[in-house]
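Subject: Handing over a structure, with notes on what was found

Dear colleague,

I am passing this structure on to you, and I would be grateful if you read the notes below with the model open beside them.

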Amino acid sequence: MEPEENIKLHAIMIPVPLQGHIVPFINLAIKLASKGLTITIVNTQQIHQRLMKAQSISDGTLDYDIFSEARKSGLDIQYTTISDGFPLNFDRAGNHDQYMEGLFHVFSAHVDDLVGNLVNSNHNPPVSCLIADTFYVWPSEIAKKYNLVNISFWTEPALAFTSYYHMDLLRINGHFGSQDYREDMIHYIPGVDAIEPGDLPSYLQDPEPWGIMHRYIFKSLEDARKADVIICNTVQELESSTISALQEIKPFYALGPIFPNGFTKSIPTNLWRESDTVPWLNSKPKGSVMYISFGSLANITRQDTLEMAHGLLLSIVSFIWVVRPDNTWNLLPSRFEDDVKDRGLVVPWCSQIDVISHPAIGGFLTHCGWNSVLESIWYKVPMLCFPILTDQFTNRKLVVSEWKVGFDLCSGRILRQQEIAQKIDCFMTEADKLRINLEETRKKLEYTLSKNGSSGSNYKQLIIDLKSRIL
Ligand code: UDX
């Protein structure tokens, strides 16, 4: 028996407190636990309270264990919550900069306490690894202090990671960080054929990258350089040259697509209460409905909301539009829902998986959040793309230019109602052109998850690698 076979890994997992990060973290926790790891996963108390309220489990009790069902099925997953440093009722969105500063300085102290307590708790197996979101600024310091293997989890595609990783190269070549930056194609990022500056993550497109978000993100990416291992929710078969180039620099494991499995159904992951869309969808013909969602983070402007609403009124296509209650809901034209009648359904949130897996869905007008992109490919739903911020521009490039499983909603970043109506109407008839590519791309996802696919063998390699690091 190899010495590693006696070692049992115990990882603490800490997602960034955002919907698009909690989902892949929870799915990964289940996956790693089903491969024999002991997992302690941590949410902030505020996120936990929102999960509870959205699911009507309670009015915010902190002691409900979201993994109790998974544990009954034999998975070794512990769940705990910590304060992010702000009172539960603090308006985080309304005090964004103060909140970001807090995540910089105060939250790390809470994490430090928690990790210290867990490390010293005589838990069997002892804590050996830290799997923190790459968007945190503190993992290397905490991993070093407690002698843990530092695993940085990048929840976006490898192309977005490598763009940030080579930020200095972009700077030296004048494609980033100056007022008069170059607008020609970028040919020098290792493993990336060519990329337009407009396809970089939005934070790398800003001529004045000095805001708090820039500072925060750039510092976190700097910290990721010190990680022992990077794991990523992407697919080797879809981003092979980018991944190979990254593997030259660091151990980099593509573990995607990290989807829910049987156990995950019992775990609350939604931060908003889901509306039941299925009865409405059941009444619609096959492939006739456009699903519209801009995810959990991005806000479209008041003007864009109005253009979208009027565009949908002009279009003849049926639609479900997710309009989150926290931003644009009250910006809809006053008679909008009366005017669209039964052709449209506006909901504050839904189970996206239930919607896009429904046969009535024929297209997805998406902001290109990475989870949405992977889910849309899996359910073979063609995409109409309108990226708004962060990696969404980079993801759009993969969807539209590389894999050809989506079209652009508009040529620039300005929405006009007539163009929206015309694009949506055309899209629903022309989407068939994308289906052959969708079929092929979905097959790559199926293959990567199969016995001989890269995702499965990457998990095996990762576990061997981690065990060798704690020997
Ligand atoms: C954010 C960033 O916007 C995105 O670019 C980055 O890749 C991840 O973090 P978000 O806006 O939340 O993500 O989008 P996305 O990555 O698509 O994740 C949203 C998740 O919420 C998906 O898993 C989706 O299925 C789910 N969802 C979304 C719902 O269940 N219901 C909804 O109504 C909308």
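Before the notes begin, one convention is needed: helices (H or I, at least four residues) and strands (E, at least two) are DSSP runs, and they are numbered from the N terminus. By this convention P125, for example, lies in the loop between α4 and β4. Please keep in mind throughout that this is a predicted model.

Seven strands form an open sheet with parallel pairing, in the order β3-β2-β1-β4-β5-β6-β7, and its edge strands, β3 (77–82) and β7 (252–254), each pair on one side only. On average, neighbouring strands of this sheet are turned by 20° against each other, with direction ignored. Helix α2 (residues 45–54), by contrast in angle, runs at about 90° to β2 and lies across β2 and β3.

Within α1 you will find L32, which counts as buried because 27 other C-beta atoms lie within 10 Å. Leaving aside residues up to four places away in sequence, L32 touches A11, L37 and I39. L200, on the other hand, is 168 residues from L32 in sequence and 31 Å from it in space, C-alpha to C-alpha.

Strand β8 (residues 289–293) runs parallel to β9 and is joined to it by 4 bridges, with Y291 standing opposite I320. Between these two strands the chain passes through helix α11 (residues 302–314), and this β-α-β crossover is right-handed. Strand β10 (residues 344–347) also pairs with β9 in the parallel sense, again over 4 bridges, and here W321 stands opposite V346.

The ligand comes next. There are 27 residues around the ligand, and G20, G295, Q352, G369 and S372 come nearest. The elements that give two or more residues to this shell are α1 (19–34), α13 (352–356) and α14 (370–378). Sorted by class, the shell has 9 nonpolar, 15 polar and 3 charged residues.

Helix α15 (residues 392–402) deserves a separate paragraph. Since 9 of its 11 residues are buried, α15 is largely enclosed by the rest of the structure; the buried residues include Q392, F393, R396 and K397. What covers them includes α6 (158–165), α14, β12 (383–385) and β13 (406–408). Just after α15, K404 takes a positive phi of about 55°.

The peptide bond from N124 to P125 is cis, with omega near 0°, and N124, like P125, lies in the loop between α4 (96–119) and β4. N124 counts as exposed because it has 8 C-beta neighbours inside 10 Å, and its C-alpha atom is separated by 8.9 Å from that of K8, which is 116 residues away along the chain. Another cis peptide bond runs from G256 to P257, with omega near -5°, and P257 lies in the loop between β7 and α10 (278–282).

N147, in the loop between α5 (139–145) and β5, has a phi near 55°, and N147 counts as exposed because 10 other C-beta atoms lie within 10 Å. K341, in the loop between α12 (336–340) and β10, has a phi of about 50°, and K341 likewise counts as exposed, with 7 other C-beta atoms within 10 Å.

With best wishes

How values were computed: Residues numbered from 1 in each chain as written. Predicted model: local features only at pLDDT ≥ 70, side-chain atom pairs only at ≥ 80, totals over all residues. Near = placed C-beta within 6 Å. Nonpolar A, V, L, I, M, F, W, Y, C, P; charged D, E, K, R; others polar. Pairing = 2+ DSSP bridges. Right-handed = clockwise from strand over helix to strand, strands pointing away. Axes fitted to C-alpha atoms, helices over the stretch in contact; angles between N-to-C directions. Contact = placed C-beta atoms within 7 Å. Buried ≥ 20, exposed ≤ 12 C-beta atoms within 10 Å, placed from the backbone.
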